[in-house]
Amino acid sequence: MSKFWLKLLAISILLTLILSACAGGNKGNHGSGANGGDNGSIGIEQKEVSFTIGYASGDRGTKEAIEHAIKAFMEANPAIQIVDTSETTSSSYLDWLKIKDAVGEFPDLVEIRDTKIFADAGKIAELPPDLQDLFENLPTVDGKAYNVPVYTQAPHGLIYSKKAYEAAGITKLPQTYDEFLAIQEKLKASGITPIAVGGKDIFHMGFWTNKFLIDYLYANDPDWNSRRTARQASFTDANVVQAITDYKELFANYVNKDWLSTADNQTASMLISGKAAQLFSGPWMFGQIEQADPGFEFGWYPVPDRQGKVNIVGLPSPIGWSLSTDAAKDADKTEAIKKFVRFFLEPQQYAKYLKTTNAIPTTKEKITYEVGQQMQEVLRVMADPNVHKSLAINNWWGENQIPPEFRNWFYKLLQELVINDGDVAEYMKRADAEYDKQVKAIQQ
């Protein structure tokens, strides 16, 4: 072989080696766009980073939807590892977070519901401005936005079996709470348990509790919590006693006898199997019901008050994903978390989450997705100007923030009230004493 051809061959081999090295140095660079990848420079390897995420995982559908998003993100961004530390337990989410904090495992990206408490404790950081820009309006705490609201507060309502209603001769939906009670009597007479309750999970107790508190308190006095903190209102006031009396009578007469040992995730199967006719919960349960039995026919409606007014949970509040202060100090973690949040809220990915959980979007960018008949009714009720929107007892903030431990203590007190057939007025005296005790502990 001539010297000319030997030189040409050597040059070809050298070029091949150089091109191979360039290709190898481009690992982890997947471009930009819907997959959430980076626009890195050619030849620069993407830095590997890991962060933890924690959120309330009591609802199976929500957990599956978030897990799906995490998996899709890591497939598109192999250099970023997300460690899901969420656990499904019957204890409160707040207690779970406290344990994680105590053992030094507070998540980097964490769902926060008691925002002021964690902000004052220095556990969460203000939301980066570029993430704040994704939303039209963000509720603030002391003038700062801390939360990525992945959903709008959805109303609780009655999910009912159409077959059970037909069997009991129920032909129209109730227009007042008294008509609602009449329906419960018809269902009971037909031989079916009227309402499924999953009291083993303490958060489930809040659904009915807040229905009555909103009807009797917050619909007329949204600042009741702050007045209670100032001792200008009392749990022994007539309207509160009536709210809890309605609660007690409902539980004493119309729910499954094993409600205290039944988990929230068992209630959907009770409805589908015909063990119960109704379930009072949010639209996130629709997907679970449809997944378990696509042919099951059910409806949804908000339970009216005694005057026929409809009052629901539906106001925005400072709840959502927050960056821990430790994660915010780490530039690589912060960028990885921001990338995941943007990925999660991209229309294609976000629509999947919304459809799975039947949630209401929060972003500036309009998101469209197919919804069933039941969700259409939820959206209609949310858009109705005659429907009063409120918040649950523990979702108020600012002057209306309650002591963080009080919510679960109060729910457990009401469980005890029902089990012991207690005197409502006497139990509400205990609520006053505990509330004052917890406020004092915070102020010291």
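**Close-up views of a predicted model**

View 1. Elements covering the buried residues of α18 include α9 (224–229), α10 (238–254) and α17 (406–419); contact denotes heavy atoms within 4.5 Å, and buried denotes under 20% relative accessible area (1.4 Å probe, protein chains only). Among these buried residues are Tyr-427, Met-428, Asp-432 and Tyr-435. Helices (H or I, at least four residues) and strands (E, at least two) are DSSP runs numbered from the N terminus. The model is predicted, with local features requiring pLDDT of at least 70 and side-chain atom pairs pLDDT 80 or more, whereas totals for chains, interfaces and linings use all residues. Residues are numbered from 1 along each chain as its sequence is written, and side-chain values use heavy atoms, without hydrogens and water.

**View 2. The N-terminal end of α18.** Asp-423 caps this end, with a side-chain oxygen 3.3 Å from the backbone nitrogen of Ala-425 (polar contacts are pairs of N or O atoms within 3.5 Å). Helix α18 spans residues 424–443.

**View 3. The open sheet of 4 strands.** The strand order is β5-β6-β4-β7, with mixed pairing; two strands pair if DSSP finds at least two bridges between them. Strands β5 (193–196) and β7 (298–301) are at the edges, each with a single partner strand, so one side of each has no neighbour in the sheet. The twist from one strand to the next averages 25 degrees.

**View 4. Strands β4 and β6 with helix α8.** Strands β4 (residues 157–161) and β6 (residues 276–281) pair in the antiparallel sense over 4 bridges. Gln-278 in β6 is the bridge partner of Tyr-160. Helix α8 (residues 205–218) lies across β4, β5 and β6, at about 70 degrees to β6; angles run from 0 to 180 degrees between N-to-C directions.

Notes. Expected span 1.5 Å × (residues − 1). Buried < 20%, exposed > 50% of the residue type's maximum accessible area, 1.4 Å probe, protein only. Polar contact = N/O pair within 3.5 Å; in protein donor to acceptor, adjacent residues only side chain to side chain.
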